[in-house]
Amino acid sequence: MPEYTKQRGLSLIEVLVVISTSALLIGMLLPSLNTARRQAKRTFCMNNLKQMALAAQTYSAVYDDHYPLAYHTERVNDVRRYLAWDFNTWKDFSEAEPIEHVEPGLLWMGRTIEKIQSCPVFKGPANWLADPHTGYNYNTSYIGRDETVNPVGSARTTDVCSPAQTALFGDGEYTGGANKFMRAPFSNPRDASLSDSFRHAGVQGFRHLHTTNVVFCDGHAYSQRDFYTSTDPAGRDILEQYNQTQDNKIGFLSEDNRLYDLK
């Protein structure tokens with residue numbers, strides 16, 4: 001008759017050692033996996049911004065070298081339209097219960113993929129009419145401008161002397177959520193109508209592993225780590241107080257207007 005060898009099982013101590021070792025390895029790997037995931041989202045976000053810069057170049061080719069306006073309002077009879085670079089919103093007030101309609105904005109000339117306008121990391125609220133929040137903002141101080149400029153009109157591509165050093169779109173974020181209008185830290189004739197006490201609302205969110213993504217007028221994008229709070233004293237105090245309590249910082253791209261200016 002064949003002889004059978006008795007198989008020895010694992011002891012309780014050996015099982016516990018295996019479990020504890022596995023737990024330790026998982027604990028060591030999770031931070032790396034989380035960092036890799038956040039890096040992937042940062043890359044995805046940067047690609048969105050590049051697509052938006054390409055759309056701006058396409059728009060300028062159609063509209064006599066002009067970039068899209070940041071925002072503009074108009075009313076024809078009972079229809080009120082709020083035109084903006086990312087979304088247009090309108091209502092027909094002749095209706096008994098006017099419905100707010102949202103459609104692709106000026107940048108997209110009628111067509112868009114909404115996912116391109118949504119940062120994969122930003123989860124905060126919107127603060128502009130009925131628009132879907134995006135987490136992105138547009139250089140309103142110098143490029144898009146607004147309807148208060150006389151004459152009304154956005155900058156032209158030929159106005160930008162240093163395209164590689166002039167911000168176009170970026171990760172917008174401030175204490176109140178998403179603001180889609182990027183502002184320079186200090187006043188200039190092109191957005192002098194904006195109260196200095198509100199400039200801090202047009203800052204960037206450093207939410208991608210403590211960096212912020214920005215794309216420039218020449219189409220190149222990069223992640224910036226340095227942030228600045230130099231602005232109107234009231235706005236500076238708000239930014240500094242916020243940054244003292246939050247892990248992800250908010251701030252301007254430069255300590256003055258140099259990365260926003262057309263010069």
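# Briefing on a predicted single-chain model

Strands β1 and β2 (residues 79-84) pair in the antiparallel sense over six bridges, where two strands are said to pair if DSSP finds at least two bridges between them. This is a predicted model, in which local features need a pLDDT of at least 70 and side-chain atom pairs count only at pLDDT 80 or more, while totals for chains, interfaces and linings use all residues. Residues are numbered from 1 along each chain as its sequence is written, and side-chain values use heavy atoms, with hydrogens and water left out.

**Confidence and overall make-up**

- The chain averages a pLDDT of 86, and 87% of its residues score at least 70; pLDDT is the predictor's confidence in each residue, on a scale from 0 to 100.
- Among the elements of the chain, strand β9 (residues 212-216) has the highest mean pLDDT, at 98, whereas helix α1 (residues 12-62) has the lowest, at 80.
- Where pLDDT is low, the predicted coordinates should not be read in detail.
- The chain holds three helices and 11 strands, these being DSSP runs numbered from the N terminus (helices are H or I over at least four residues, strands are E over at least two).
- Along the sequence these elements follow the pattern α-β-β-β-β-β-α-β-β-β-β-β-α-β.
- Of the 263 residues of the chain, 42% count as buried, a term that stands for under 20% relative accessible area, with exposed meaning over 50% and partly exposed lying in between (1.4 Å probe, protein chains only).
- Among contacts in the chain with a separation of 6 or more, 66% come from residues 24 or more positions apart, a contact being heavy atoms within 4.5 Å.

**The four-stranded sheet**

- An open sheet is formed by four strands in the order β1-β2-β3-β4, with antiparallel pairing, and its edge strands are β1 (71-76) and β4 (101-104), each of which pairs on one side only.
- Neighbouring strands of this sheet are turned by 20° against each other on average, direction ignored; such angles run from 0 to 180 degrees between N-to-C directions, and the axes are lines fitted to C-alpha atoms, for helices over the stretch in contact.

- Strands β9 and β10 (residues 221-224) pair in the antiparallel sense over four bridges, and T212 stands opposite Q224 in β10.
- The hairpin of β9 and β10 has four residues between the strands, and G219 in this hairpin takes a positive phi near 100°.
- Most residues other than glycine have a negative phi, and most peptide bonds are trans.
- L209, found in the loop between β8 (204-206) and β9, has a positive phi of about 55° although it is not a glycine, and L209 counts as buried at 16% relative accessibility.
- H210, also in the loop between β8 and β9, has a positive phi of about 70° without being a glycine, and at 34% relative accessibility H210 counts as partly exposed.

**Helix α3**

- The 13 residues of helix α3 (residues 233-245) should span 18 Å at 1.5 Å a residue, which agrees with the 19 Å between its end C-alpha atoms; the expected span is 1.5 Å times one less than the number of residues.
- G235, L239, Y242 and N243 are the buried residues of α3, and seen down the axis of α3 they fall within an arc of 95°, so they line one face of the helix; the arc is that of the directions from the helix axis to the C-beta atoms.
- These buried residues of α3 pack against β11 (249-251), whereas the face of α3 turned away from its buried side carries the exposed residues Q241, Q244 and T245.

**N48 in helix α1**

- N48 has its place in helix α1 and is buried, with a relative accessible area of 3%.
- Leaving aside residues up to four places away in sequence, N48 touches K115, I116, S118, P120 and Y136.
- N48 and I116 are 68 residues apart in sequence, yet their C-alpha atoms lie 5.1 Å apart in space.
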